[in-house]
Amino acid sequence: MNLIIALIAGIGFGIGLTISGMVEPLIVLAFLDVAGAWDPSLAFVMCGALAVFIPGYLLSKTKMSKPIFAASFSLPTRSDIDKPLLIGAVIFGLGWGISGICPGPAIANLSGMDEKIFGFIIAMLVGMIAANKVKTT
Amino acid sequence: MTDFIEPLIGGVILGVSSLLLLVANGRIAGISGIVSNLLKLQPGNAWRWMFVIGLILGPVVLQTTSYNLPNINSSWWMLIAGGLLVGFGSVFGSGCTSGHGICGIGRLSPRSITSVVIFMATAAITVFVTRHLLGAA
């Protein structure tokens with residue numbers, strides 16, 4: 001059941017990213033281009049997502065001792081702001097600003113078979129492997 | 001500019017999908033975390049594969065309607081540099097637009113709120129530099 005839920009959530013994610021316009025790098029860059037022809041529409045993506053997630057999360061926190069199909073919640077527990085968090089966010093922001101693509105939309109774009117998406121994803125995977133290495137040493 | 005309905009609907013679908021994964025499986029829908037854990041080839045990755053398959057299938061399902069994936073117009077250097085930085089930064093900084101942006105902010109995590117503020121600002125500055133100072137894209 002766990003696997004079916006993960007598949008459904010993934011499909012929902014792919015549909016949500018496509019309908020919202022997040023899969024289109026030009027829309028993302030226009031959202032980030034506050035000094036140019038700013039297109040604020042993507043701000044509504046986060047509004048829509050949080051409008052559902054925040055009340056749902058708060059409700060689950062008070063009413064549920066465990067998830068429906070798992071033994072326990074696997075949630076991050078840290079609350080300290082450390083250097084890797086800050087450095088990672090800056091590096092991520094740089095890459096997102098250069099390309100207009102973040103990990104979810106990159107993978108959602110795969111079925112478009114655009115060779116440039118393959119290039120982006122391979123570079124992204126290399127970056128992830130490098131970060132995993134740096135983090136564990 | 002006025003087209004906020006689709007971003008809003010897409011965002012709601014992202015929120016519902018994230019919430020489903022949380023209340024059913026107790027998992028965070030963070031794409032960079034899911035993908036980077038797949039790279040570690042560890043046991044317990046089956047649900048992550050299912051999520052990624054769904055993420056690819058979602059847009060395919062949508063293509064039966066009027067939604068299509070974009071052509072990627074950015075230059076190769078922007079995609080490769082962007083991919084490397086996005087991959088490294090998201091793993092080093094423990095999350096990206098989905099994990100920090102939806103689930104993290106949705107749980108009011110101080111780490112995630114900090115991360116999102118920093119990567120949004122960095123990305124906006126990056127776009128300002130590439131578009132208005134260097135005149136690319």
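**Segments, contact and crossing**

Tutor: For chain A, the unreviewed UniProt entry lists residues 41-59, 85-111 and 117-134 under "transmembrane region"; such annotations may be inferred rather than shown by experiment. This is a predicted model, in which local features need pLDDT of at least 70, side-chain atom pairs count only at pLDDT 80 or more, and totals for chains, interfaces and linings use all residues. Residues are numbered from 1 along each chain as its sequence is written, while chains are lettered from A and ligands numbered from 1 in the order in which they are written.

Student: How do you know what residues 117-134 of chain A are made of, helix or strand?

Tutor: Helices are DSSP runs of H or I with at least four residues, and strands are runs of E with at least two; over residues 117-134 of chain A the chain is 100% helix and 0% strand, with the end C-alpha atoms 25 Å apart.

Student: What makes a residue part of the contact of chain B with chain A?

Tutor: Two residues are in contact if their C-beta atoms, placed from the backbone, lie within 7 Å, and the contact takes 101 residues from chain B and 105 residues from chain A. On the side of chain B, H1(B) gives the largest share, 20 residues.

Student: Why is H1(A) called oblique to H3(B)?

Tutor: Their axes, lines fitted to C-alpha atoms over the stretch in contact, come within 6 Å and cross at roughly 40°. Angles under 35 degrees count as roughly parallel, over 145 as roughly antiparallel, 65 to 115 as roughly perpendicular and the rest as oblique, so H1(A) is oblique to H3(B).

Technical notes
Axes are lines fitted to C-alpha atoms, for helices over the stretch in contact, and angles run from 0 to 180 degrees between N-to-C directions.
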